[in-house]
There are 2 protein chains.
Amino acid sequence: MTLAPRTGMRQFVIVGHDAPTTPDFSLDDLAGAAGRLDVLCRCVSAAFFLSHDIREDVRVHLVLGDEYTITVDGGTVRRLNPDERSTAALLRKALAEREEAIGHIPVETSPGVSLTRRGFAGTLDDVAGDGTVIQLHEDGDPVVDAEPPTDPVFVLSDHRDFTDEEAAVLADTVDRRVALGPHPLHANHAITVAHNFLDTDGYESY
Amino acid sequence: MTLAPRTGMRQFVIVGHDAPTTPDFSLDDLAGAAGRLDVLCRCVSAAFFLSHDIREDVRVHLVLGDEYTITVDGGTVRRLNPDERSTAALLRKALAEREEAIGHIPVETSPGVSLTRRGFAGTLDDVAGDGTVIQLHEDGDPVVDAEPPTDPVFVLSDHRDFTDEEAAVLADTVDRRVALGPHPLHANHAITVAHNFLDTDGYESY
């Protein structure tokens, strides 16, 4: 069983290379002992939050240590707040139920948050058919020249580059490589810019 | 004494309505007892960080409770990290030296971070002459139609709207009102989009 895609969805797959795969981490040291989970928390916040609103047609897949994937669905998620610490607590709760995740069957660990025992290749394979797979990369085509895709699936890495193995998986799957500007951005900032690019398509007529 | 502006600078004034004005807050509850200091920390991160780099020509002014202003200068700041908690620690350190801030004379509380005893009107008055004062507001002119300004001074509010009094001060000072898209954004996301708008001006030719 996997979540069915919705038309007009924006999905983000974010690879957390050093991210924890157990709940044995402190919320007081997200940027240290918790393997830069702060980066992934900021990505979640960037993906879902508008001012006083949540983007319902967004789904985020956090790949943790190529072993588990936590999926957050904007249409059903509850108890999500924009700060890093509370998001990390939601993710830790998901990892606490990792024994329940068998094979590729997701287990819902809180409303709108589910955990699957699979890594990058399995997650990418699952969502690749949902739309246009886009790698955000500084060497890609400038976004200003790009035609906005429908049902985009953006693939990003955390503070580390994709490994050679991940890059090979991506190369087989990716439909487009897009650069959001002349400077390489943090993953969460890239998500914000990607949203804005899609939001403002045809914005002159608003 | 105030910091001299540099040509090509981007400045951001962010008003923290509930932000602490003393260092008596816990880093464990930034989104609660610390008066949504998490919002201001994310704004700092959005303003300064590129992937593996810092935007040196950026200056951020955080107005805390209309009583103090903490200024962070990208050209000289040290020990700045992208996570909320470590940024909050830097801000708390600045507030711990608030007794040293007399009148409008800033006190440097760590490299590139200074504290001044003044509120919104005083801070805005100080930076207004540095460039084009721009209010980011959902009812402003669509950014896609806007000519990128030189030396912009962006003025934003935290999770609350500007008070009537602040709005009156702003109305007297603001040069332009710009909307970044059809949806109201969190302040930190607005900063990211504003940077991207300026970064990608003429981006086709990169």
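Q: In chain B, which residue of β9(B) does T132(B) stand opposite?
A: This is a predicted model, and in it 4 bridges join β8(B) to β9(B), the two strands running parallel. Within β9(B), the residue that stands opposite T132(B) is P152(B).

Q: Which residue is the bridge partner of P142(B) in β10(B)?
A: Strand β8(B) is also joined to β10(B), with which it runs parallel, by 5 bridges. The bridge partner that P142(B) has in β10(B) is A179(B).

Q: In what order do the 8 strands of the open sheet in chain B stand?
A: The pairing in this open sheet of chain B is mixed. One of its parallel pairs is β8(B) with β9(B), while β6(B) and β7(B) run antiparallel. Read across the sheet, the 8 strands of chain B follow the order β6-β7-β5-β4-β1-β9-β8-β10.

Q: Why is one side of β6 and of β10 of chain B left without a neighbour in the sheet, and which places do these strands take?
A: Each of the two strands, β6 (107-110) and β10 (176-179) of chain B, has a single partner strand, so one side of each is left without a neighbour in the sheet. The places that they take are therefore the edges.

Q: Which residue of β7(B) is the bridge partner of E108(B)?
A: Strand β6(B) runs antiparallel to β7 (residues 113-116) of chain B, and 3 bridges join the two. For E108(B), the bridge partner in β7(B) is S114(B).

Q: About what angle does the direction of helix α3 of chain B make with that of β1(B)?
A: Helix α3 (residues 120-127) of chain B packs on the sheet, where it touches β1, β4, β5, β8 and β9 of chain B. Its direction, taken against that of β1(B), makes an angle of about 175°.

Q: How many salt bridges are counted between chain B and chain A?
A: Between these chains, 38 residues of chain B are in contact with 38 residues of chain A, and the area buried is about 3300 Å², of which carbon and sulfur atoms give 61%. One of the salt bridges joins D28(A) to R85(B), with the closest N and O atoms 3.6 Å apart. The count of salt bridges between chain B and chain A is 2.

Q: Which element supplies the largest share of the side of chain B that touches chain A?
A: Four elements of chain B, namely α1 (37-48), β2 (49-50), α2 (84-96) and α5 (187-199), each supply at least two residues of the side that touches chain A. The largest share amounts to 5 residues, and the element from which it comes is α5(B).

Note on methods: Residues numbered from 1 in each chain as written. Chains lettered and ligands numbered in written order. Predicted model: local features only at pLDDT ≥ 70, side-chain atom pairs only at ≥ 80, totals over all residues. Heavy atoms only, no water. Contact = heavy atoms within 4.5 Å. Buried area = accessible area lost by both parts, 1.4 Å probe. Salt bridge = Lys/Arg side-chain N within 4 Å of Asp/Glu carboxyl O. Pairing = 2+ DSSP bridges. Axes fitted to C-alpha atoms, helices over the stretch in contact; angles between N-to-C directions.
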